[in-house]
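Colleague: I have not seen this structure before. Could you take me through it while I look?
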Amino acid sequence: MARVAALCAGKRTGVAPKAQLAVAAIFSRTAGGELRASRAQILNGLNWLARGDAKLPRPVDVINVSWGREVETDGLYDVIETHLDRGI
């Protein structure tokens, strides 16, 4: 995530150095030390970014999804398509 954020909004190398970043941390660490995210966590993160709330004063213009690993995508593309249709 840090590399993607730096490429997007980094002060020296970013393509949009004045951009503001909002991060939805959706992964949690299991007792075995693995990072995992349920479909509900992923969907909640995407929807939170898209609609904004008191902690995120306005909805975002761009959502980048960088899992860093393979994830179950069943149903996720429908949510992403909905946000695309809304102009995100």
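Colleague: Is Glu 34 buried, partly exposed or exposed?
Modeller: This is a predicted model. In it, Glu 34 has a relative accessibility of 39%, so it counts as partly exposed.
Colleague: Which side chain does Glu 34 meet in a salt bridge?
Modeller: That of Arg 36, with 3.1 Å from N to O. Arg 36 is partly exposed as well, because its relative accessible area is 45%.
Colleague: How many salt bridges does the count come to?
Modeller: The count comes to 1 salt bridge.
Colleague: Let us step back. How many helices and strands are there in the chain?
Modeller: The chain has 3 helices and 2 strands. Starting at the N terminus, the order of the elements is α-β-β-α-α.
Colleague: And what share of the residues counts as buried?
Modeller: The chain has 88 residues, and 22% of them count as buried.
Colleague: Now to helix H3. Which of its residues are buried?
Modeller: Leu 76, Val 79 and His 83 are buried in H3. These three lie on the same side of the helix, because they cover an arc of only 70° around its axis.
Colleague: Why would residues spaced along a helix point the same way?
Modeller: An α-helix has 3.6 residues a turn, so residues three or four places apart point the same way.
Colleague: Which exposed residues does the face of H3 turned away from the buried side carry?
Modeller: That face carries Tyr 77, Asp 78 and Asp 85. Asp 85 belongs to H3, which spans residues 76-85. With a relative accessibility of 66%, Asp 85 is over the 50% cut-off and therefore counts as exposed.
Colleague: Which residues gather with Asp 85 in a patch on the surface, and what charge does the patch have?
Modeller: Asp 74, Asp 78 and Glu 81 gather there with Asp 85, and the charge of the patch is negative.
Colleague: A change of topic: where is Arg 51 found?
Modeller: Arg 51 is found in helix H2, which covers residues 39-51. Its relative accessible area is 52%, so Arg 51 is exposed.
Colleague: How far apart are Arg 51 and His 83, in sequence and in space?
Modeller: In sequence, 32 residues separate Arg 51 from His 83; in space, their C-alpha atoms are 9.5 Å apart. His 83 is one of the buried residues of H3, whereas Arg 51 is exposed.

Definitions and conventions
Residues are numbered from 1 along each chain as its sequence is written. This is a predicted model: local features need pLDDT of at least 70, side-chain atom pairs count only at pLDDT 80 or more; totals for chains, interfaces and linings use all residues. Side-chain values use heavy atoms; hydrogens and water are left out. Patches are made of residues with over 30% relative accessible area and no salt bridge: like charges are joined within 9 Å, nonpolar side chains (Val, Leu, Ile, Met, Phe, Trp, Tyr) within 5 Å. Accessible areas come from the Shrake-Rupley method with a 1.4 Å probe; for residues, only the protein chains shown count as cover. A salt bridge is a side-chain nitrogen of Lys or Arg within 4 Å of a carboxyl oxygen of Asp or Glu. Lys and Arg count as positive and Asp and Glu as negative; His and the chain ends are not counted. The place of a charge is taken as NZ of Lys, CZ of Arg, CG of Asp or CD of Glu. Helices (H or I, at least four residues) and strands (E, at least two) are DSSP runs, numbered from the N terminus. Buried means under 20% relative accessible area, exposed over 50%, partly exposed in between (1.4 Å probe, protein chains only). The arc is that of the directions from the helix axis to the C-beta atoms.
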